[in-house]
Every structure is written in structure tokens, then in C-alpha cells.
Amino acid sequence: MGFVENNLKRGDCARDLPTSSETFEKGWCQNMFAIIESGGKQYKVQQGDVVFVEKLAADEGASVEFKTIAILDNGKVATGNPVDSVKVVGTILKNGKGKKITVFTYKPKKSEKRKLGHRQPYTKVQIESINA
């Protein structure tokens with residue numbers, strides 16, 4: 001066994017350690033990541049992750065599919081046409097509102113002020129699968 005095999009547990013990824021092609025073939029780095037887009041934002045997800053995205057128009061327990069932008073699989077990055085066929089599927093766990101923030105505006109010397117509160121709606125999603 002080499003340096004990499006002695007210093008990694010199964011499932012860890014050898015990004016900063018010296019690697020060889022044999023290390024990846026033996027399954028030491030089996031993490032598949034996807035970059036998805038939802039609500040005008042991009043998220044890096046992996047199977048089993050729980051992410052908070054902008055509110056989606058679906059009920060709790062529903063399955064939702066996300067647009068995939070890029071895939072990272074065993075150190076290989078794919079973008080463009082190969083990614084169009086990849087499906088990232090998640091299950092909605094909860095629809096809710098975030099913590100309340102206070103918005104206070106005023107104009108000095110004019111006796112004009114306004115205090116508002118805002119709670120941003122969100123959807124909590126668990127990533128079920130990345131089908132490449």
C-alpha cells in the first residue's frame with residue numbers, strides 16, 4: 001500500500017495528496033458533485049445533501065428535478081452538451097420562511113422614518129440522486 005491508501009479512509013477524496021490513476025480506480029474517490037441552478041442561483045450538491053433554495057411552487061414530499069450546469073465525477077469535469085442528459089432529483093422536505101430581518105430607513109432632519117420586517121421564503125430540498 002502506498003502513501004495515499006495509508007492516509008485516507010474510504011470515501012475521502014485525495015485532492016491535496018499525491019495520487020495515481022490506480023487510487024481512483026480502486027474507488028478511493030467516489031464523490032460525484034453536480035452544479036445545479038434554482039431561483040437564479042447555483043448550488044454545488046452531492047447525493048444526500050440538504051440545501052435551502054428559493055421557494056419552489058410544489059408541496060412537501062413532492063419530487064423536483066433541477067437544471068444541471070456541470071458535473072464533477074472522479075476528478076473529471078463535464079459541462080455543456082454532455083450535462084444536458086444528467087438529471088438531479090430531489091425531494092422537498094419543507095417550505096418555510098427564514099429568520100426575520102429588520103429594515104429601517106430614515107431621512108435625516110426631515111422627521112421621516114420607516115421600520116419594516118421581512119422573512120424570505122425558502123424550500124428545503126434533499127438531493128436523492130444524480131443520474132449521469
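Predicted model: local features only at pLDDT ≥ 70, side-chain atom pairs only at ≥ 80, totals over all residues.

Q: Then how does Lys67 count, buried or exposed?

A: Lys67 has 56% relative accessibility, so Lys67 counts as exposed.

Q: And what does the side chain of Lys67 meet in a salt bridge?

A: The general idea is a side-chain nitrogen of Lys or Arg within 4 Å of a carboxyl oxygen of Asp or Glu. Here Lys67 pairs with Glu37, at 3.7 Å from N to O. As for Glu37, its relative accessibility is 30%, so Glu37 counts as partly exposed.

Q: How many salt bridges does the structure hold?

A: There are three. Another one of them joins the side chains of Lys41 and Glu54, at 2.4 Å from N to O. That pair links distant parts of the chain, with Lys41 in strand 2 (residues 41-46) and Glu54 in strand 3 (residues 50-54), 13 residues apart. Both partners are partly exposed: Lys41 at 38% relative accessibility, Glu54 at 22%.

Q: Which residue forms a salt bridge with Glu112?

A: That's Lys107, and the closest N and O atoms of the pair are 4.0 Å apart. Glu112 has a relative accessible area of 42%, so Glu112 is partly exposed.

Q: Now the surface charge. Which residues gather in a patch of positive charge?

A: For a patch, look for like charges joined within 9 Å, on residues with over 30% relative accessible area and no salt bridge. In this model, Lys97, Lys100, Lys115 and Arg119 make up such a positive patch on the surface. Take Lys97: this residue belongs to strand 6 (residues 87-97). Its relative accessibility is 52%, so Lys97 counts as exposed.

Q: Let's go back to strand 1. Is Ser38 buried or exposed?

A: Ser38, which is found in strand 1, has a relative accessible area of 6%, so Ser38 is buried.

Q: What is Ser38 in contact with, leaving aside its neighbours within four places in sequence?

A: Contact here is read as heavy atoms within 4.5 Å. With those sequence neighbours left aside, Ser38 touches Tyr43, Val53, Leu56 and Phe66.

Conventions. Residues numbered from 1 in each chain as written. Heavy atoms only, no water. Patch = residues over 30% accessible without salt bridge, like charges linked within 9 Å, V, L, I, M, F, W, Y side chains within 5 Å. Areas by Shrake-Rupley, 256 points an atom, 1.4 Å probe, with all protein chains shown as cover. Lys, Arg positive; Asp, Glu negative; His and termini not counted. Charge placed at Lys NZ, Arg CZ, Asp CG, Glu CD. Helix = DSSP H or I, 4+ residues; strand = E, 2+ residues; numbered from the N terminus. Buried < 20%, exposed > 50% of the residue type's maximum accessible area, 1.4 Å probe, protein only.
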